[in-house]
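Hi everyone, thanks for coming. Have a look at what's on the screen, and then I'll walk you through a few spots.

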Amino acid sequence: MKFTADQAETLARIQMWRRDVRHFKREGVTEDVLERLRAAMDTAPSVGNARPWRVIRVEDISVRSAVRAEFERCNINAAQTYAGPTKDAYLALKLAGLDAAPVQLAVFTAVNPDEGHRLGRLTMPQTLRQSTAMAIHALWLAARAENLGLGMISILDPKRIETILNVGADWEFSAYLCIGWPESDDDTPLLHRAGWQTNNGTRWEVR
Ligand SMILES: Cc1cc2nc3c(=O)[nH]c(=O)nc-3n(C[C@H](O)[C@H](O)[C@H](O)COP(=O)(O)O)c2cc1C
């Protein structure tokens, strides 16, 4: 398979316009689109091909409410770690789209999967979590290519989310993902537009 310059340009544009989305329309996402997103995760690389990511699609309203309450609690706690104008700026940020996102995925990492027979992770156990991050990124780009938005949430207590979702001890919480049709799109991260930080570009040295 050889790709054309146009296709490479399309990929670059999908990457540039990926962005973390926190503002969603309430319109739902059809099952065939969701199936394509699930399949995109299948394409991700993983240590020893262990494919340790586990996904729960959260539909239960009471579970969604519990996750949202947990986010509010953690977000307020995080705000307390700042002071003065930085605290005000933090509180003004929208850091989750839990109020409107029609699709919500809780992503976990299996911390001791049989798959892969431990290949590649003996010296670097964190590679299981890294593998899950790669699957999330594959999903993120696939979602964007469908004109969907995805927002990743980490302002949560992993142990509490594991309890809320009632998962076994061998599943470690990795991230909570909100997916839906974005209210708008942009090629610049919201945190840059909000003045929270600027983009320094990738540090890439030659030694
Ligand atoms: C591991 C990880 C955790 C993140 N957690 C959150 C979060 O809790 N809330 C949020 O609004 N964005 C979260 N983000 C999104 C980042 O804020 C976002 O990726 C960053 O500001 C760059 O913006 P961009 O994704 O639009 O390029 C997370 C992203 C990653 C990779």
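This is a predicted model: local features need pLDDT of at least 70, side-chain atom pairs count only at pLDDT 80 or more; totals for chains, interfaces and linings use all residues.

Let's begin with arginine 118, which sits in the loop between strand S2 (103-110) and H5. Residues are numbered from 1 along each chain as its sequence is written, and side-chain values use heavy atoms, leaving out hydrogens and water.

Back to arginine 118: its phi is near 65°, a positive value in a residue other than glycine. Most residues other than glycine have a negative phi. Asparagine 49 also has a positive value, near 55°, and you'll find asparagine 49 in the loop between H2 and strand S1 (53-57).

Okay, helix packing. H2 (residues 31-42) packs on H5 (residues 127-145) at about 140°, with the axes 8 Å apart. Axes are lines fitted to C-alpha atoms, for helices over the stretch in contact, and angles run from 0 to 180 degrees between N-to-C directions. So H2 and H5 are oblique to each other; that word covers whatever is left after under 35 degrees (roughly parallel), over 145 (roughly antiparallel) and 65 to 115 (roughly perpendicular).

Who touches whom? From H2 we have Leu37, Ala40 and Met41, and they meet Ala135, Ile136, Ala138, Leu139, Ala142 and Ala143 in H5, where contact means heavy atoms within 4.5 Å.

The other pair is H3 (residues 61-79) and H4 (residues 84-92), whose axes come within 9 Å and cross at roughly 160°. That makes H3 roughly antiparallel to H4. Here Asn75, Ala78 and Ala79 in H3 meet Lys87, Tyr90 and Leu91 in H4.

Last stop, the ligand. Which residues are around it? Among them are Arg18, Asp20, Met152, Ser154 and Pro189, each with a heavy atom within 4 Å of the ligand. Then the polar contacts, meaning pairs of N or O atoms within 3.5 Å. An N or O atom in the side chain of arginine 19 is 2.6 Å from a ligand oxygen, and for the side chain of arginine 22 the distance to a ligand oxygen is 2.8 Å. Leucine 95 uses its backbone instead: an N or O atom there lies 2.8 Å from a ligand nitrogen.

Conventions. Helices (H or I, at least four residues) and strands (E, at least two) are DSSP runs, numbered from the N terminus. A polar contact is a pair of N or O atoms within 3.5 Å; within protein, one must be able to donate a hydrogen and the other to accept it, and residues adjacent in sequence count only if both atoms are side-chain atoms.
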